[in-house]
Amino acid sequence: MSTLLARNARVLVTMDNERHEIAHGGLFVRDGFIEQVGDSKDLPKQADEIVDLTGHIVLPGFVNTHHHLNQSLDRAYPPSQNGNLVQWLKGLYPRWEQCGPEDTKLATELGLAEIALSGATTVADHHYLWPKGVTAARQFEAASRVGVRFHLGRGSQNIGQPHGGFAPVSMIEDEDNVLAGTSEVIAQFHDPSPGSFRQVFVAPSSLRTATPALMQKSAALAAKHGLQFHFHLGETKAEIDYVAAKYGKRPAQFAEELGCLTPRSWVAHGVHFDDGDIALLGRCGCGICHCPSSNMRLSSGIAPVSRYLKNGLTVGLGVDGSASNDSSNLLVELRTALLLSRVAAESDADFLNARMALEMATRNSAGLLGRTDVGILAPGYAADFIAFDSDRIEIAGSEDPVAAIAFCAMTRVDHSWVHGRPLVRHGQLADYDVSDLVERIRRRSRERRGVS
Ligand SMILES: [Zn+2]
């Protein structure tokens, strides 16, 4: 039994159903779970560990709902700097074909370390390339080294370049292999218990890169195990046209017919949904992960997020892959979502406000992952929380420091805790050596370039 008391926060944002924000707030934690939340004067006075958060803004830890961590060593890759999604993929696949398990592991650690510094405490990775030797075990190992909760999307592609996909044939799998591999990863790693650090979801890449049969069987496999289901949908106008030409339907409609839209599903991007698609997603209870930086970077368009929210859809936040964002930073994504919602807005009624953006990064994102134990600071929830010093130069003097977290150019948290244990302390990872990681990356990139 161990207890933690975090107290005296300037304001503690619970994100509970009443959206309580508690001045002089604090948390009392026992064995990784929150036992009490409230005014610090009403909390126990003693604990094994006491943290004084005077002057800090405290929020639930951020949850990332779409990533491709294996791209973290491909940021600003020259052949893919200036193209849309298809051109970007064409530039990167020859590089990805050369990647081995060591590259994937290093990239995963790098992306997780970066996103943890931006306030993430739970991260979902959509991992759909499994070149020889790449294993889920290494992904989970990387996550446990960094210290975040990790949801691995066992992804897949079975349509390659000759048949309208993007990957070279050497990088795709056949259907049997995907389904057997996914079942194996579920059996080995999925832990549904409260406070779990390891979960698995089923994640074929998209309607363009997975056959209807694979989409359908993957969705059925997720349903059989009660797991979340995830794929890219409505990312580009080209995808809408391709699916219409090949299958004679809107992608959302086709996905629904294949059993892919359920209350356990969420889709990445959702830039190009019309009113019919929105109504369909609402009826199915399917959520959306908004990835604003990637949508801008690849010229995919602007997802009408406030329209989705007004129609009752759950919208969370994701950074997308490191090579289509060039960062893994949820604070940047939060601010970008807030600002981008205003670019295409017909009136200010369509603007996201700061608290809506913060909800997306916390309770909404946790909901997309099917978590009922993170994303909110309330009794019974895991003690995943983050703290920002309100005297920092980026936000000092703000009358509304909670909104300032979303409006101002913040890129790092000051402190964070996962399951009541420190993840970030004073803007640095508490138990992870970034300089050692960078040295390993440097060594590997010399090897890849053939330089000794
Ligand atoms: Zn993606």
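Student: Which residue in β8 does histidine 127 stand opposite?

Tutor: Histidine 127 stands opposite arginine 154 in β8, where strands are DSSP E runs of at least two residues and helices are H or I runs of at least four, both numbered from the N terminus. This is a predicted model, in which local features need pLDDT of at least 70 and side-chain atom pairs count only at pLDDT 80 or more, while totals for chains, interfaces and linings use all residues. Residues are numbered from 1 along each chain as its sequence is written, and side-chain values use heavy atoms, leaving out hydrogens and water.

Student: In which sense do β7 and β8 pair, and over how many bridges?

Tutor: Two strands pair if DSSP finds at least two bridges between them; β7 and β8 do so in the parallel sense over six bridges. The chain crosses from β7 to β8 through helix α3 (residues 136-146) in a right-handed β-α-β crossover, meaning that, with the strands pointing away from the viewer, the path from the first strand over the helix to the second runs clockwise. On the next pair, β8 (residues 149-156) and β9 are parallel over seven bridges, with arginine 154 partnered by valine 202 in β9, and a right-handed crossover through helix α4 (residues 175-189) links β8 to β9. Strand β6 (residues 62-64) also pairs with β7 in the parallel sense, over three bridges, and asparagine 64 stands opposite valine 123 in β7.

Student: Why is strand β7 described as largely enclosed?

Tutor: Buried means under 20% relative accessible area, exposed over 50%, and partly exposed in between (1.4 Å probe, protein chains only). Eight of the eight residues of β7 (residues 120-127) are buried, so this strand is largely enclosed by the rest of the structure; for β9 (residues 198-204), the count is six of the seven residues, so β9 is largely enclosed too.
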